[in-house]
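Dear colleague,

Please keep the structure open while you read.

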Amino acid sequence: MTLVGMLDGKTAFVTGGGSGIGRATCIAFAREGAKVLVADLDGAEETATAIGGDAYAVTLDITDHVAVDAAVDGLVARWGRIDIAFNNAGINIENKRDHWDRLDLFDRTMEVNVRGMMICMIAELRHMAPARSGSIVNTASTAGFSGIAGPGYVASKHAVVGLTRSAALRYAEEGIRVNALCPGATFGGMMSKRHDPESLKVKARANPVNRIADPEELAEAVVFMASDRASYMTGHPMAVDGGFLAA
Ligand SMILES: NC(=O)c1ccc[n+]([C@@H]2O[C@H](COP(=O)([O-])OP(=O)(O)OC[C@H]3O[C@@H](n4cnc5c(N)ncnc54)[C@H](O)[C@@H]3O)[C@@H](O)[C@H]2O)c1
């Protein structure tokens, strides 16, 4: 029996691939046989180097539509097509209790988490639609369903779920699937930047499984949604949250 990877021969574009969930997913994509373009403001080169082989890096800001278009066009010029996009870059810059009057933080969060994601989807769908094939996974959050975070972050992640559903309906007949990953508390850049060890314990206790996820556990769900094994799944926001939303 020949073993094949779940993503053998596929090409993938990953934003936020320089850290946390994005980096773990780039590595899992490559393990499953995909060629990966790692995109990030920071850390993309390190991820691509860690993968080796066909992976390469682009340093970009997802709010810069010229840079995003150029990166996606470059991937297609190099590999012939874009099969998978993992739109994962995001920021969480608010304190949930204290930042209700900070329109500047709200605007910046919406600019990156929502407008930036839209910019990426436009660039990707421009190639996927004529090819009538593709799988997009957008990173939302449990904050796409609950209000436990700052206003901009909660609004932005609800919006990511909405964008995902809207794109899934619009492109279903064109053979393109669009789903969302809704992580619960997960170790990585964002979590370690925002929490000290004591507050991490409190966060862990808020989950029925009483622990915080490793980014690799999120990556496995993304591999599945991105792969042909999820061929009948579209428009779905999938929680990988240790039971947080079930509580
Ligand atoms: N870690 C968690 O607990 C958690 C929970 C729910 C949702 N999420 C979501 O998961 C995603 C990944 O988060 P993470 O925990 O791996 O955090 P992280 O900070 O490790 O990774 C986010 C990456 O996005 C990049 N990025 C930010 N703004 C960018 C921009 N404008 N252009 C390009 N890249 C940009 C950062 O440089 C960083 O490498 C985010 O969308 C986040 O909202 C995380």
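**Notes on the structure**

Ser 192 counts as partly exposed, because 13 C-beta neighbours lie inside 10 Å of it; a residue is called buried if 20 or more other C-beta atoms lie within 10 Å of its own, exposed if 12 or fewer, and partly exposed in between, with the C-beta atoms placed from the backbone. This is a predicted model, in which local features need pLDDT of at least 70 and side-chain atom pairs count only at pLDDT 80 or more, while totals for chains, interfaces and linings use all residues. Residues are numbered from 1 along each chain as its sequence is written.

Ser 192 lies in helix α6, where helices (H or I, at least four residues) and strands (E, at least two) are DSSP runs numbered from the N terminus. Although Ser 192 and Gly 20 are 172 residues apart along the chain, their C-alpha atoms are separated by 10.0 Å.

Around the ligand there are 30 residues, and the closest are Gly 16, Gly 20, Gly 90, Gly 189 and Met 190; a residue is near a molecule or strand if its C-beta atom, placed from the backbone, lies within 6 Å of it. The elements giving two or more residues to this shell are α1 (20-31), α4 (103-131) and α6 (189-194). By class, the shell has ten nonpolar, 17 polar and three charged residues, where Ala, Val, Leu, Ile, Met, Phe, Trp, Tyr, Cys and Pro count as nonpolar, Asp, Glu, Lys and Arg as charged, and the others, Gly among them, as polar.

α1 also packs against helix α2 (residues 44-51), at an angle of about 25° and with the axes 10 Å apart; axes are lines fitted to C-alpha atoms, for helices over the stretch in contact, and angles run from 0 to 180 degrees between N-to-C directions. That angle makes α1 roughly parallel to α2, since angles under 35 degrees count as roughly parallel, over 145 as roughly antiparallel, 65 to 115 as roughly perpendicular and the rest as oblique. Arg 23, Cys 26, Ile 27 and Ala 30 in α1 meet Thr 47, Ala 50 and Ile 51 in α2, two residues being in contact if their C-beta atoms, placed from the backbone, lie within 7 Å. The residues of this contact divide into five nonpolar, one polar and one charged.

For helix α3 (residues 65-79) and α4, the axes come within 9 Å and cross at roughly 30°, and the two helices are therefore roughly parallel to each other.

Best wishes
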